Amino acid sequence: MSVGKLGRAPLVAICTAAIAAMYGAGYVITEPYADRTLPGSAPTSPRGHAGEARGEAPSERYLDGVYRGSGSDQIGTIDVEVTIAGGRIAKVVITRCDTHYPQSDIDPVLPDEVVKAQSADVRFVSGATLSSFAFALAVQQALHQAKNPAYAG
């Protein structure tokens, strides 16, 4: 196959520019969703437990144990294990990442953010918005299973 009189350099430059334009367009399109939160997820602002002002012992928000969740979207599925210790999210592990993009795009960033925020309500990773969404759905499902029915908050 002949590349013509100009040679390969212009062809490589054009292909490189096209790839950069596609990456840039993807970033511009998904960046506004980086702050997106899931409907029904708890706020991340720190609040005291119900009953603390009256001197009552607060009940724990979550029951201790290991809970599993799964989240899917149009690019695949993410499974997680959420460990609850002392009524708090102690650890989040991605056990399966079956998406078009590598797990390294969201791990360990999002699991660490969930532990820090004590909620599935975390900022999505720009450029990995759909993977972030599937991850958040999986965590939300696991936390729903872990809910303590006696929690008064």
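**Exercise 1.** Is Arg 96 buried, partly exposed or exposed?

*Solution.* The model is a predicted one. The relative accessible area of Arg 96 is 37%. Buried means under 20% and exposed means over 50%, so Arg 96 is partly exposed.

**Exercise 2.** Which residue forms a salt bridge with Arg 96, and which strands hold the pair?

*Solution.* Step one: the partner is Asp 79, with the closest N and O atoms 3.2 Å apart. Step three: Asp 79 has a relative accessible area of 19% and is buried.

**Exercise 3.** Describe the salt bridge of Glu 81.

*Solution.* Glu 81 pairs with Arg 68, and their closest N and O atoms are 3.1 Å apart. Arg 68 belongs to strand S1 (residues 65–73) and Glu 81 to strand S2, so parts 13 residues apart in sequence are tied together. Glu 81 is partly exposed at 24%, whereas Arg 68 is exposed at 52%. The count of salt bridges comes to 2.

**Exercise 4.** Which elements each supply at least two residues of the largest nonpolar core?

*Solution.* This core has 23 residues. Strands S2 (76–85) and S3 (88–99) and helices H2 (109–117) and H3 (129–146) each supply at least two. H3 gives the most, with 7 residues. Phe 135 is one of the residues with the most contacts inside the core. Leaving aside neighbours within four places in sequence, Phe 135 touches residues including Ile 78, Val 80, Val 92 and Leu 110.

Note on methods. Residues numbered from 1 in each chain as written. Predicted model: local features only at pLDDT ≥ 70, side-chain atom pairs only at ≥ 80, totals over all residues. Heavy atoms only, no water. Core = buried A, V, L, I, M, F, W, Y, C linked by side-chain atoms within 4.5 Å. Buried < 20%, exposed > 50% of the residue type's maximum accessible area, 1.4 Å probe, protein only. Helix = DSSP H or I, 4+ residues; strand = E, 2+ residues; numbered from the N terminus. Contact = heavy atoms within 4.5 Å. Salt bridge = Lys/Arg side-chain N within 4 Å of Asp/Glu carboxyl O.
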